[in-house]
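Work through these exercises with the sequence and the structure open. Try each task before you read its solution.

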Amino acid sequence: MTPFEIGTLSVVAIVVLVYLGVYIPIALGLVSFVSIILMRDNFDLAINLLKIAIGDSVMEYTFATVPLFTFMGLIVSKAGLGADIYQVMNSGFRRVKGGIGMATVGANAVFAAVTGSSIASASVFSKVSVPQMLAFNYNPRFAVGVVAGSSVLGMIIPPSAMLIIYSFVAEQSVGDMFLAGVVPGLILAAAYVVAIYLMGRFTPKYVGGRTSEETEWMSPLEIADKTIPTLLLIVAVLGGIYTGWLTPVEAGAAGSLLGLLIAAFRKKLTLQSLWQALLETGHITASILFLITAASIYSRMLGLAGLPNELGDLLTETQMTFFWVMVIYVLMMIFLGTILDTASIILIVVPLFLPLVEPMGMSLVWFGIVTVVGAEIGLLTPPLGISCFVIKATLNDPRISLKDVFIGAFPFALVMLIVLIALIRWPSLSLAILN
């Protein structure tokens with residue numbers, strides 16, 4: 001077998017293994033390691049490349065952003081900032097049809113800016129938002145769909161674990177990726193609010209519910225008490241990066257310290273909860289490090305196989321334009337999203353397409369935003385829509401089935417696709433803050 005054939009079969013083997021339930025880094029690392037041995041018939045070469053991959057991952061300074069932002073997100077979640085933001089948003093949208101849904105989107109957008117986790121958002125707002133929507137007679141499918149759809153904002157609005165993973169795979173600045181994610185994240189949140197308004201206007205039976213006019217307006221003092229801590233975190237982290245005062249690593253450290261102070265001031269932090277946050281940070285950090293290491297050896301295997309070059313030659317021979325390259329890329333991500341999680345899609349697909357996109361003169365930062373948004377659609381689609389599974393498990397309500405969650409999330413997946421098309425058509429939307 002030629003190296004190209006081995007490389008092609010290895011990609012297929014990785015997808016199959018992940019689909020069968022093999023841990024992603026193990027599938028990536030093991031198949032890549034064996035493929036290198038088969039291609040070069042050299043065990044020492046495979047070992048040396050593995051050593052380089054591990055060294056590059058562990059010694060990379062910017063990798064420190066992972067534990068710092070993870071810890072900040074966990075502490076902020078324990079401090080109850082998500083519920084506070086939701087209460088403020090709900091007060092503002094109380095007289096609008098579908099207003100609680102709009103409040104959920106707005107609160108998720110703000111919460112995303114201090115957690116960077118779709119799973120955390122799905123878990124928090126399943127407990128906070130869905131029961132209240134059901135109490136106001138909203139359609140259960142609409143209620144869980146809003147939470148599922150808006151939860152993906154956690155992976156687009158910085159700080160985002162997926163943007164960090166992409167930055168390592170594509171060798172881009174974590175700070176640039178964070179800044180590039182702000183405008184697309186806000187556009188997606190605004191698109192969700194517009195979609196909810198239109199659903200309330202044209203399909204009121206699907207939305208259901210009644211306006212919560214009996215909810216009292218919050219006083220300015222209450223609003224300040226519930227929003228200032230979150231705004232301080234956002235300004236400290238994103239403001240520090242944008243002004244250049246802080247590197248992404250320093251911003252993560254500052255955000256973690258500020259999160260600790262806020263949680264302690266609110267008396268929401270105990271030694272036990274702090275220890276749990278530290279343990280969970282360690283688990284998440286180790287798993288992401290394992291992912292990046294496996295992705296590094298996978299990229300080297302693809303290079304040895306010559307797979308990206310062969311794909312480039314194929315596109316040149318067929319005279320495929322940028323438009324069709326992006327169509328194939330998006331369709332591939334949406335298809336893989338039905339069977340794989342976001343990290344798997346980024347690690348498997350990005351190394352294949354980077355050598356094709358870069359010669360076209362396109363920004364790899366923009367390509368990262370397109371990749372994350374496209375891959376995040378998979379969080380809302382069966383059979384492996386992780387956000388949908390988290391919502392179902394968190395609610396534990398026999399009245400709401402997993403099918404209801406997926407059906408409710410479908411309109412929001414369509415909105416994501418429309419926003420993705422806009423981001424591809426107008427790259428300046430992703431690069432607005434950087435230019």
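**Exercise 1. A salt bridge**

How many salt bridges does the count come to, by the rule of a side-chain nitrogen of Lys or Arg within 4 Å of a carboxyl oxygen of Asp or Glu?

Solution. 
Step 1. Note the kind of model. It is a predicted one.
Step 2. Apply the rule. The count comes to 1 salt bridge.
Step 3. Name the pair. The side chain of Arg-141 meets that of Asp-404, at 2.7 Å from N to O.
Step 4. Arg-141 sits in helix 9, and Asp-404 sits in helix 21 (residues 402-425). The two are 263 residues apart, so the pair links distant parts of the chain.
Step 5. Check the exposure of each partner. Arg-141 has a relative accessible area of 29%, so it is partly exposed. Asp-404 has 12%, and buried means under 20%, so Asp-404 is buried.

**Exercise 2. The helices that carry the pair**

At what angle do the axes of helix 9 and helix 21 cross? Classify the arrangement.

Solution. 
Step 1. Take the distance. The axes of helix 9 and helix 21 come within 7 Å.
Step 2. Take the angle. The crossing is at roughly 60 degrees.
Step 3. Classify. Roughly parallel needs an angle under 35 degrees, and roughly perpendicular needs 65 to 115. Helix 9 and helix 21 are therefore oblique to each other.
Step 4. Helix 9 and helix 21 cross in a right-handed sense.

**Exercise 3. Two neighbours of helix 18**

How do helix 15 and helix 10 each lie against helix 18: roughly parallel or oblique?

Solution. 
Step 1. Start with helix 15 (residues 271-305). Its packing angle with helix 18 (residues 342-357) is about 25 degrees, and the axes are 10 Å apart. That angle makes helix 15 roughly parallel to helix 18.
Step 2. Helix 15 and helix 18 make a right-handed crossing.
Step 3. Turn to helix 10 (residues 161-170). Its axis comes within 10 Å of the axis of helix 18, and the two cross at roughly 30 degrees. Helix 10 and helix 18 are therefore roughly parallel to each other.
Step 4. Helix 10 passes helix 18 in a right-handed crossing.
Step 5. Pick a residue of helix 18. Leu-356 is found there. With a relative accessible area of 7%, Leu-356 is buried. Its C-alpha is separated by 9.4 Å from that of Asp-313, a residue 43 positions away along the chain.

**Exercise 4. A nonpolar surface patch**

Which residues form the nonpolar patch on the surface? Say where the largest share comes from.

Solution. 
Step 1. List the members. They are Val-22, Tyr-23, Ile-26, Leu-30, Val-34, Leu-38 and Phe-290.
Step 2. Take the area. Together these residues have about 610 Å² of accessible area.
Step 3. Assign the largest share. Helix 2 (residues 24-40) supplies 4 residues.
Step 4. Val-22 lies in the loop between helix 1 (3-19) and helix 2. Val-22 is partly exposed, at a relative accessible area of 30%.

**Exercise 5. Two C-alpha distances**

How far apart are Leu-232 and Leu-258 in space?

Solution. 
Step 1. Locate Leu-232. It is in helix 13 (residues 220-243). Its relative accessible area is 45%, so Leu-232 is partly exposed.
Step 2. Read the distance. Leu-232 and Leu-258 are 8.4 Å apart, C-alpha to C-alpha, and 26 residues apart in sequence.
Step 3. Locate Lys-267. It is found in the loop between helix 14 (248-265) and helix 15. At 75% relative accessibility, Lys-267 counts as exposed.
Step 4. Read the distance. The C-alpha atoms of Lys-267 and Ala-432 are separated by 40 Å, with the residues 165 apart along the chain.

Methods
Residues numbered from 1 in each chain as written. Predicted model: local features only at pLDDT ≥ 70, side-chain atom pairs only at ≥ 80, totals over all residues. Heavy atoms only, no water. Patch = residues over 30% accessible without salt bridge, like charges linked within 9 Å, V, L, I, M, F, W, Y side chains within 5 Å. Areas by Shrake-Rupley, 256 points an atom, 1.4 Å probe, with all protein chains shown as cover. Buried < 20%, exposed > 50% of the residue type's maximum accessible area, 1.4 Å probe, protein only. Axes fitted to C-alpha atoms, helices over the stretch in contact; angles between N-to-C directions. Parallel < 35°, antiparallel > 145°, perpendicular 65-115°, else oblique. Left-handed = near helix turned anticlockwise from the far one by under 90°.
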